[in-house]
Amino acid sequence: MRCEICGKKVIGKPVRTKIENSIMLTCNDCSKFGKVQREPPKPQRGPGSRPPAGRRQSFRSQEPTHEVIEDYQNVIRKAREKMGWSREDLGEKIYEKVSVIHRLESGKMVPDLKLARKLERSLKVTLLEKTDQAQMDDLRGAHMQKATIGDIARIKKG
Ligand SMILES: [Zn+2]
């Protein structure tokens, strides 16, 4: 590495010197002819590379805290058969169309919370299980203590 001004061999690190709007790598002596530049700043994390820390998951308070078991179609069908009901019978009991019962028992339709509760009551079965989300809801009291004002506002809004 040679000094860009005097051409002397630079021992050690050259000095970044600003002379007439151009940056030159110079020896220590020549650096006094210009303005010494600091080391270029380490590239800051641009807005694109920032992790989505600000976008915390909002509380999904509107989602059901229970979810339908995976095996619901078999549970429904077996329970119905145990009761000695036809699909039509079950449909009448829970005020749903037979086609709904068909779809439920074939696994083509996952009952929503309301429907699942109706089925549970009529068939004396359990179709809903608590989700992790529900457990989180149980702990919400503890979370609230740490929550920021923004979080609280969001919870109230939700
Ligand atoms: Zn020099």
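Predicted model: local features only at pLDDT ≥ 70, side-chain atom pairs only at ≥ 80, totals over all residues.
**Whole chain.** Traced from the N terminus, the elements run β-β-β-β-α-α-α-α-β-α-α-α. If the 158 residues are coloured by accessibility, 26% of them count as buried.

**The sheet.** Next, select residues 15–19, which form strand S1, together with strand S2 (22–26) and strand S3 (35–36). These three strands make an open sheet in the order S2-S1-S3, with antiparallel pairing. S2 and S3 are its edge strands, each pairing on one side only. In general, the strands of a sheet pair through backbone hydrogen bonds, either parallel or antiparallel.

Look at the two pairings in turn. S1 and S2 run antiparallel and are joined by five bridges. To find one of the residue pairs, select Ile19, whose bridge partner in S2 is Ser22.

Asn21 lies in the loop between S1 and S2, and its phi is near 65 degrees, a positive value in a residue other than glycine. For context, most residues other than glycine have a negative phi. Is Asn21 buried or exposed? With 70% relative accessibility, Asn21 counts as exposed, because the cut-off for that class is over 50%.

**A loop between helices.** Select Tyr95 next. This residue lies in the loop between helix H2 (87–93) and helix H3 (98–105). Tyr95 has a positive phi of about 60 degrees although it is not a glycine. The relative accessible area of Tyr95 is 72%, so the residue is exposed.

**The charged patch.** Finish with a surface view and select Glu67, Glu70, Asp71 and Glu129. Together these residues gather in a patch of negative charge on the surface. Which element holds Glu67? Glu67 is found in strand S4, which covers residues 66–68. Its relative accessible area is 42%, so Glu67 is partly exposed.

Definitions and conventions
Residues numbered from 1 in each chain as written. Heavy atoms only, no water. Patch = residues over 30% accessible without salt bridge, like charges linked within 9 Å, V, L, I, M, F, W, Y side chains within 5 Å. Areas by Shrake-Rupley, 256 points an atom, 1.4 Å probe, with all protein chains shown as cover. Salt bridge = Lys/Arg side-chain N within 4 Å of Asp/Glu carboxyl O. Lys, Arg positive; Asp, Glu negative; His and termini not counted. Charge placed at Lys NZ, Arg CZ, Asp CG, Glu CD. Helix = DSSP H or I, 4+ residues; strand = E, 2+ residues; numbered from the N terminus. Buried < 20%, exposed > 50% of the residue type's maximum accessible area, 1.4 Å probe, protein only. Pairing = 2+ DSSP bridges.
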